[in-house]
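Welcome! Here is a short tour for anyone meeting this structure for the first time. Take a look at the display below, and then read on.

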Amino acid sequence: MRVGVFSGSFNPVHIGHLALANYLCEYEGLDEVWFMVTPHNPLKEEKELMDDTFRLELVKLAIESYPKFRASDFEFHLPRPSYTIHTLDELKRTYPHSIFSLIMGADNWMLFPRWYESERILAENRIIIYPRPGYPIDAASLPQGVSLTSSPVFEISSTFIRKALDEGKDIRYFLHPAVYERLK
């Protein structure tokens, strides 16, 4: 089984995340996308995060009706801060019959050399990069095992969602209906 590991804060999960994951299953040959809710990204401030279990609950609400999506608390049980290489190593040990591809945005690809053990991640794993506004990627310059998907670009961020909610905006069409109901 080909599994896309969509690791992120999902603070909160929004339709951009869902549409991208749907595209990757339907157009890039992934059998499943696992929404790997990250407890603490070492490159982000932890104080900005909603509670871990609440973010996981929102992901579960958002994906419950699509059989190719899976919400995962896998990283909740790994040492913190959460490093992608440790997650990938443990996933391969736990699910030896699955082929994992790391899903990351073009913005993260630009930061990738700063990631812990980035060279080993590249050497041992497949990576699928999705486009992000303002972060052009030259597909021809990508190393072996790294591909750029031609998915639609979504200019929605969790930061925008949180700010809009704080301002009392009605942003129901930016979120899965169950997530919107839970957040409002």
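Pro81 sits in the loop between β3 and α3 (84-94). Helices here are DSSP runs of H or I with at least four residues, strands are runs of E with at least two, and both are numbered from the N terminus. A cis peptide bond links Arg80 to Pro81, with omega about 0°. Another cis bond joins Asn11 and Pro12, where omega is about 5°, and Pro12 belongs to the loop between β1 (2-8) and α1.

This is a predicted model, in which local features need pLDDT of at least 70, side-chain atom pairs count only at pLDDT 80 or more, and totals for chains, interfaces and linings use all residues. Residues are numbered from 1 along each chain as its sequence is written, and side-chain values use heavy atoms, with hydrogens and water left out.

Most residues other than glycine have a negative phi, and most peptide bonds are trans. The table gathers the backbone features that stand apart from this.

| Residue or bond | Backbone value | Loop |
|---|---|---|
| Asn11 and Pro12 | cis, omega about 5° | Pro12: between β1 and α1 |
| Arg80 and Pro81 | cis, omega about 0° | Pro81: between β3 and α3 |

Is Phe10 buried or partly exposed? Phe10 counts as buried because its relative accessibility is 4%. Glu117, at 32%, counts as partly exposed. Buried means under 20% relative accessible area, exposed over 50%, and partly exposed in between, with a 1.4 Å probe and protein chains only.

Strands pair if DSSP finds at least two bridges between them. β2 pairs with β1 in the parallel sense over six bridges, and Trp34 is the bridge partner of Val5. Four bridges join β2 to β3, also in parallel, with Met36 opposite Ser72.

## Helix α2

The buried residues of α2 (residues 52-63) include Phe54, Leu58 and Ile63. These buried residues of α2 pack against α1 (15-27), β2 (32-37), β3 (69-72) and α7 (177-183), where contact means heavy atoms within 4.5 Å.

Technical notes. The expected span of a helix is 1.5 Å times one less than its number of residues.
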